[in-house]
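Subject: Structure handover

Hello,

Here is the structure I promised to pass on. Please open it first, then read my notes below.

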Amino acid sequence: MDYTITYIMLGLGTLMTGLWLLLFMKAGSKYNQITGAIDKKKFILSDIFFIGFSAIDLFRINLKTEKRRQKIKKIAEVHGERYAEFYHYVVLGGQIAYALTVAPFALYIGAIANDYMVGGLLAACAVGLVMYLDMEINNAVNRKRDEILSDYPEVLSKLTLLVNAGLVVRDAWVKVAYTAEGALYKEMQFTSEEIRNGTSETDAYYNFAHRCAIKEIRKFASVLTQNLQKGSAELTTSLKYMTAESWEEKKHYVKRKGELANQKLLFPLMIMFVGILMMIMVPIVTNMF
């Protein structure tokens, strides 16, 4: 029997285990404060993330590349710009920790089985854990955007009603912001706090649009900013038009989501169909031969 594959996998596993132990000793208690601040409900096995943080420092991994800046921008939508870099650091450390912890076990088991396929399948678990953290970010961003789009027509309707009744935009904004606790309302509340603390309305609306990162909200903020610069002569008309447009878009959006849900339901049905087909066809083919 050829044990070449076994020796190769044992060698790689030993090297990765040695690296893990080196990072463990180098880390010590240096990252206890960071790991203690991580929400353990959001991050699986967060207690080993210090291995990733140690690797980032040891290999001086650049956290300021364009790709990483894009990820930080996405994380900021969920956790806010103040904590975006911290969460990006946590996610990257977690991905490295997952890879360095699971991969050696996969290689050892593959070596014991003397089968690189076994090692490869188990190594795929490490890849899955790495991808899981990125998927969680994307899912969180999508959930927030969906919630914002869901609340958007209602917010516009309330704001239009108050402005049409004679309130200035600033006062109407504050009243609407504290009528509910959805994602969009929370962003409006944050904007209200910014204005109260001295930020100009123009900058506050810009920041609001930047945090939401949705084209409909950018258009909404742009209309409010133009109102500050040119006066409110056409504001009510613009808000009424946008309100009608947003309700219509919400109808289409709900319809698209329903169609997408139906498509997702087809996948398990197809798997069941293939399974039943195989149960019928395999005995027939076996009997033929």
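Which residues in H6 meet which residues in H10? On the H6 side they are Ile 148, Leu 149, Tyr 152, Leu 156 and Leu 159, and on the H10 side Glu 216, Ile 217, Phe 220 and Leu 224. Contact here means heavy atoms within 4.5 Å. By class, that contact has eight nonpolar, no polar and one charged residues. (Ala, Val, Leu, Ile, Met, Phe, Trp, Tyr, Cys and Pro count as nonpolar, Asp, Glu, Lys and Arg as charged, and the others, Gly among them, as polar.)

Some ground rules. This is a predicted model, in which local features need pLDDT of at least 70 and side-chain atom pairs count only at pLDDT 80 or more, while totals for chains, interfaces and linings use all residues. Residues are numbered from 1 along each chain as its sequence is written, and side-chain values use heavy atoms, with hydrogens and water left out.

Helix packing

H6 and H10 (residues 215–230) pack at an angle of about 25°, with axes 11 Å apart. Helices are DSSP runs (H or I, at least four residues), numbered from the N terminus. Axes are lines fitted to C-alpha atoms over the stretch in contact, and angles run from 0 to 180 degrees between N-to-C directions. H6 and H10 are therefore roughly parallel to each other. (Under 35 degrees counts as roughly parallel, over 145 as roughly antiparallel, 65 to 115 as roughly perpendicular and the rest as oblique.) Their crossing is left-handed, that is, the near helix is turned anticlockwise from the far one by less than a right angle.

H1 (residues 4–27) and H5 cross at roughly 155°, and their axes come within 8 Å. That makes H1 roughly antiparallel to H5. This crossing is left-handed too. Among the residues in contact are Leu 12, Gly 13 and Trp 20 of H1, and Ala 103, Pro 104 and Leu 107 of H5. The contact of H1 with H5 has 14 nonpolar, six polar and no charged residues.

H4 and H6 pack at about 50°, with axes 9 Å apart. That makes H4 oblique to H6. The contact of H4 with H6 includes Lys 71 and Val 78 in H4, and Asp 134 and Arg 145 in H6. Its residues divide into five nonpolar, one polar and six charged.

The largest pocket has a volume of about 540 Å³. Of its 22 lining residues, the closest to its centre are Val 78, His 79, Gly 80, Lys 144 and Glu 187. (On a 1 Å grid over the protein atoms alone, a pocket is an open set of points where a 1.4 Å probe fits, with protein on both sides within 12 Å along at least five of seven lines; lining residues have an atom within 4 Å of a point. Points are joined across faces, edges and corners, and a volume is the space filled by probe spheres set on them.) H8 gives the largest share of this lining, five residues. The lining has six nonpolar, five polar and eleven charged residues.

The second largest pocket holds about 250 Å³. Its lining includes Phe 43, Ile 75, Tyr 87 and Leu 133. H6 gives the most to that lining, with five residues. By class, the lining has eight nonpolar, one polar and three charged residues.

Best wishes

Technical notes: Helices (H or I, at least four residues) and strands (E, at least two) are DSSP runs, numbered from the N terminus.
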